[in-house]
Amino acid sequence: QVLQAWQAQSAAMQKATRGLRMFIRLVYAIHRDPGMAQVADILEQDVGAEVRQDLLGMAGAVNRFVMPPFRLEPAKLAVLISKTQKNMHGVADLEGHNLGHGLYPLASFFNHSCAPNAVVSFRGNSLVVRCLDPIPAGSEITIAYVELYAPREMRQKQLQLKKGFLCQCPRCLLPKNDAQERKISDGREDVANKAREGWDKGLVQYQSGEFRASKATLDGVLQIMDGWLGAEHQMVYETHKLLVDVCLELGDSAGVERHAQDALRCMLAHLHSSHPSIALLSIHLARAMLERASGPDAEPECAAAAEHARRACKVLRVAYGADHPSLAEAEALLDLANRRTEEARRT
């Protein structure tokens, strides 16, 4: 009944009240659990949330679906909605598929860093934070709120827009002429902007199932950037990364192998060695190499695939833990690559 009533609203109101079920559950949880109310009280909120018309409008929409005895004052509910929006986590799997959003109050106290020492993952509805390196006692544990393979200006703009703060992490305080950071934005800005337009078009085509058209568009983007942007530029990286997904849909193992190698080279140069995305691309690369391995070159191809699968296992063991299903899948791939290598050696 709640969903039917929500769907009966205008499209604009549906968009404004997205996350309705989460807000409703939160209202009931606060009434049910005083501890939840105390935690909610100390979460950060936008200044003036209690008088913002958009938040008050959302509060009115939420209260429509809450039983009268449990409804909150509109201003109080507007503040709660603001806190939820500011502190909620996007729930995603290893492949980056957005599975929804959730409010994890304790996890909201982890601060952001553009060079984090911990990573977030999910097991069902549970959020897990694991350290990427040994962290000295008394040191802060940090996670990432935004995409890390991006220039400082873009990261800071996204954080200012989404979270309302200017990042002052060690990576953001590096000198502007830092050689490593400059590689992510090295090249002509006008070419990068044109490439972004093409990339956006290729993404829309990919999302619409027009995979061949998307590949043609993105191949054109690579041609536009060739010679004008550095090999580790953000747009070069993002284009290769998207082309991996496109080639997977097309069953193009050679394309997956090529673009995964280029995207991995960028990742390994700029991200933590245990970043989960490194594991994902390593898995795609290992599978593509095994699919293409045949004839007299099969042994070195299978052995190389095993190395990529081994890297994926190492990353996932750190980032997701020894009992995570993604690690079991990577270990099965490693076993297959090792068997294929041994079989090719015998023949």
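Select Phe165 first. Phe165 has 28% relative accessibility, so it counts as partly exposed. The scale runs as follows: buried is under 20% relative accessible area, exposed is over 50%, and partly exposed lies in between, with a 1.4 Å probe and protein chains only. You are looking at a predicted model, where local features need pLDDT of at least 70, side-chain atom pairs count only at pLDDT 80 or more, and totals for chains, interfaces and linings use all residues. Residues are numbered from 1 along each chain as its sequence is written, and side-chain values use heavy atoms, with hydrogens and water left out.

**Aromatic pairs**

Rings of Phe, Tyr and Trp (its six-membered ring) pair if their centres lie within 6.5 Å; planes under 30 degrees apart are stacked, over 60 edge-to-face, and the rest tilted. That rule gives five aromatic pairs. Tyr145 sits in the loop between strand S6 (142-143) and helix H7 (152-163), and Phe165 in the loop between H7 and helix H8 (179-182), so the pair ties together parts 20 residues apart in sequence. Helices (H or I, at least four residues) and strands (E, at least two) are DSSP runs, numbered from the N terminus. Tyr145 is also partly exposed, at 26% relative accessibility.

Next, select Tyr149 and Tyr237. The ring centres of Tyr149 and Tyr237 are 4.0 Å apart and their planes are at 25°, so this pair is stacked. Tyr149 is in the loop between S6 and H7, while Tyr237 is in helix H11 (residues 234-250), so the pair links parts 88 residues apart in sequence.

**Charges over rings**

Move to Arg188 and Trp228. A charge sits over a ring if NZ of Lys or CZ of Arg is within 6 Å of the ring centre and within 35 degrees of the ring normal. Arg188 lies over the face of Trp228, 4.6 Å from the ring centre. Then select Arg196 and Trp199. Here the charged end of Arg196 is over the Trp199 ring, 5.1 Å from its centre.

**Cysteines**

How many disulfides are there? Zero, taking a disulfide as a pair of cysteine sulfur atoms within 2.5 Å. Select Cys172: its nearest cysteine sulfur, on Cys167, is 3.7 Å away. Cys172 is buried, with 6% relative accessible area. Finish at Cys247, where the nearest cysteine sulfur, that of Cys266, is 16 Å away. Cys247 is buried, at 0%.
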